[in-house]
Amino acid sequence: MNNAESLTDSLRIGLMSRSSKTLITAIAAEAIADKMLLDALLSLMYKEEDSLRWRAAWALEKVAGQCPSLLIDERSRMKALAMQADTPDGLRRLILGILYHLPDDEDFDVAFFNFLLDVMLNLQSPPGVQSLAMKLAYRQSKSDGDLHKEFLCIIRNIELDYYSAGVRSVVKKCLKGKL
């Protein structure tokens with residue numbers, strides 16, 4: 001067993017045995033300083049069972065909040081994982097949170113933008129997922145004036161009564177240009 005496999009196994013055991021905000025924050029802080037630990041977290045997020053993937057993504061969301069440049073190279077894989085139909089909503093929310101922390105992508109991704117629109121308008125999506133999808137779509141739409149106008153038209157016509165208070169708040173912020 002090499003060092004990377006050993007680290008991944010140790011991390012797997014630690015994340016499965018206990019999970020707290022304090023532990024996740026500490027793991028994230030270590031991952032910022034240790035590329036092997038960051039790679040181990042990414043490996044767990046992509047390959048493991050849902051509860052372990054969720055915990056690894058939680059730590060990665062904290063990494064993205066503090067040092068987004070470490071995860072820019074993972075953007076395409078994370079978008080693909082978020083768009084997979086079988087990705088659990090909790091994991092999808094964390095991945096969208098990671099992507100929200102990353103700087104804007106220079107290349108407009110039509111498939112991902114359409115995915116974001118579908119998710120934000122889907123009443124079956126959890127409010128946290130809807131809100132992050134809307135924030136990301138808003139940011140992406142700003143790259144093109146006509147697209148941004150169309151996006152604002154879409155959210156202006158949302159029947160707010162069917163959405164949670166959190167989603168309604170994001171809609172209002174988008175319309176005011178406060179995101």
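Helices here are DSSP runs of type H or I with at least four residues, numbered from the N terminus, just as strands are E runs of at least two. By that rule, Leu23 has its place in helix 2. The model is a predicted one, so local features need pLDDT of at least 70 and side-chain atom pairs count only at pLDDT 80 or more, while totals for chains, interfaces and linings use all residues. Residues are numbered from 1 along each chain as its sequence is written, and side-chain values use heavy atoms, with hydrogens and water left out.

Helix 1 is a handy place to start. The expected span, by the way, is 1.5 Å times one less than the number of residues in the helix. Four residues of helix 1 deserve a look for being tucked away: Thr8, Leu11, Gly14 and Leu15 are buried. Seen down the axis of helix 1, these buried residues fall within an arc of 130°, so they line one face of the helix. Buried means under 20% relative accessible area, exposed means over 50%, and partly exposed is in between (1.4 Å probe, protein chains only). The arc is taken from the directions running from the helix axis to the C-beta atoms. As background, an α-helix has 3.6 residues a turn, so residues three or four places apart point the same way. The face of helix 1 turned away from the buried side carries the exposed residues Ile13 and Ser17. As for partners, the buried residues of helix 1 pack against helix 2, helix 3 and helix 4, with contact meaning heavy atoms within 4.5 Å.

Helix 2 tells a similar kind of story. It covers residues 21-33, and these 13 residues should span 18 Å at 1.5 Å a residue; the end C-alpha atoms are 19 Å apart, which agrees. Its buried residues are Leu23, Ile24, Ile27, Ala28 and Ala31. They cover an arc of only 135° around the axis, which puts them on the same side of helix 2. On the other side of helix 2, Lys21, Thr22, Glu30 and Ala33 are exposed. The buried residues of helix 2 pack against helix 1 (3-17), helix 3 (35-47) and helix 4 (50-66). Leu23 counts as buried because its relative accessibility is 17%. Leaving aside neighbours within four places in sequence, Leu23 is in contact with Gly14 and Arg18. Leu23 and Arg139, in contrast, are 116 residues apart in sequence and 32 Å apart in space, C-alpha to C-alpha.

Ala4 is found in helix 1 and counts as partly exposed at 40% relative accessibility. Ala4 and Leu37 are 33 residues apart in sequence, yet their C-alpha atoms are 8.2 Å apart in space. Met36 lies in helix 3 and, at 41% relative accessibility, also counts as partly exposed. Setting aside neighbours within four places in sequence, Met36 is in contact with Asn3, Ala4 and Leu7. The C-alpha atoms of Met36 and Leu7 are separated by 7.8 Å, although the two residues are 29 apart along the chain.

Next come two buried residues in other helices. Glu61, in helix 4, is buried, with a relative accessible area of 16%. Not counting residues up to four places away in sequence, Glu61 touches Arg93, Leu94, Gly97, Ile98 and His101. Ser131 belongs to helix 8 and counts as buried at 11% relative accessibility. Beyond neighbours within four places in sequence, Ser131 is in contact with Gly166, Val167 and Val170.

Finally, there is the largest pocket, which holds about 220 Å³ of space. On a 1 Å grid over the protein atoms alone, a pocket is an open set of points with protein on both sides within 12 Å along at least five of seven lines, whereas a cavity is a set where a 1.4 Å probe fits but cannot get out; lining residues have an atom within 4 Å of a point. Grid points are joined across faces, edges and corners, and the volume is the space filled by probe spheres set on the points. The largest pocket is lined by 17 residues, with Arg75, Asp104, Asp105, Arg139 and Gln140 lying nearest its centre. Helix 8 gives the most to this lining, with three residues.
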